[in-house]
Amino acid sequence: MSTSGGDDTAGPLAPASLAALAVFALAVTAAALIGVLGVADTADRYAELNRPSWAPPSWVFGPVWTVLYALMAVSGWLVWLRRRTPGALVALALFAVQLLLNAVWTPLFFAAEQRGLALVDIVALLTVLTATIVLFFRVSRLAGALLLPYWAWTAFALVLNLAVWSLNTAG
């Protein structure tokens, strides 16, 4: 009997399961790299923006996102381990959608300087992420809980995006 809850042939430390964890780690790394490598000088661009007094300094984002991406990878993997659980595949599909919305935000906000469109993106991201968390909790409480810091940071980022957009919009 498996401890994975979804695959009767391999536990969470079996080679196929560890390979799946690597795939999730690569997926979140790819999303992160779109922002890091796809947009030059984000720290400088961030510094040039009018920001609210409560906006964090640019150096905070890297460490926070590193932890969040690690939690996201483990969370997705935990649901993958239980992929035969009803609703798991839909949850994983939503996970993929939120990851795509996450990856698009940095190029929109910084490279394209479309802060209003980035705001629309992050609202969609938070909406899909909320649904993902609900479905993840149904499959694995731990998987759902691991996404809660990401949800909180994304909600904060949404408010920050709104403030920066309004402070930097001419008119």
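**Close-ups of aromatic rings**

**View 1. A cluster of rings joined by pairing.** Tyr46, Trp54, Phe61, Trp153 and Phe156 are linked into a cluster by ring pairs. Please keep in mind that this is a predicted model. The count of aromatic pairs comes to 11.

View 2. A pair of aromatic rings is described by the distance of the centres and the angle of the planes. For Tyr46 and Phe61, the centres are 5.3 Å apart and the planes make an angle of 75°. This pair links distant parts of the chain, as Tyr46 belongs to helix H2 (residues 42–48) and Phe61 to helix H3 (residues 61–81), 15 residues apart. With a relative accessible area of 7%, Tyr46 is buried.

**View 3. Phe95 and Phe136 form a stacked pair.** Here the centre-to-centre distance is 5.7 Å, with 15° between the planes. Phe95 sits in helix H4 (residues 88–111) and Phe136 in helix H5 (residues 115–139), so to follow this link between distant parts of the chain, look 41 residues along. Phe95 counts as buried because its relative accessibility of 3% falls under 20%. Phe136 is buried too, at 0% relative accessibility.

**View 4. The charged end of Arg83 sits over the ring of Trp80.** The distance from this charged end to the ring centre of Trp80 is 3.8 Å.

**View 5. Arg115 lies over the face of Phe109.** In this view, Arg115 is at 4.9 Å from the centre of the Phe109 ring.

Key: Residues numbered from 1 in each chain as written. Predicted model: local features only at pLDDT ≥ 70, side-chain atom pairs only at ≥ 80, totals over all residues. Heavy atoms only, no water. Phe/Tyr/Trp six-rings, centres within 6.5 Å; stacked < 30°, edge-to-face > 60°. Helix = DSSP H or I, 4+ residues; strand = E, 2+ residues; numbered from the N terminus. Buried < 20%, exposed > 50% of the residue type's maximum accessible area, 1.4 Å probe, protein only. Lys NZ or Arg CZ within 6 Å of the ring centre and 35° of its normal.
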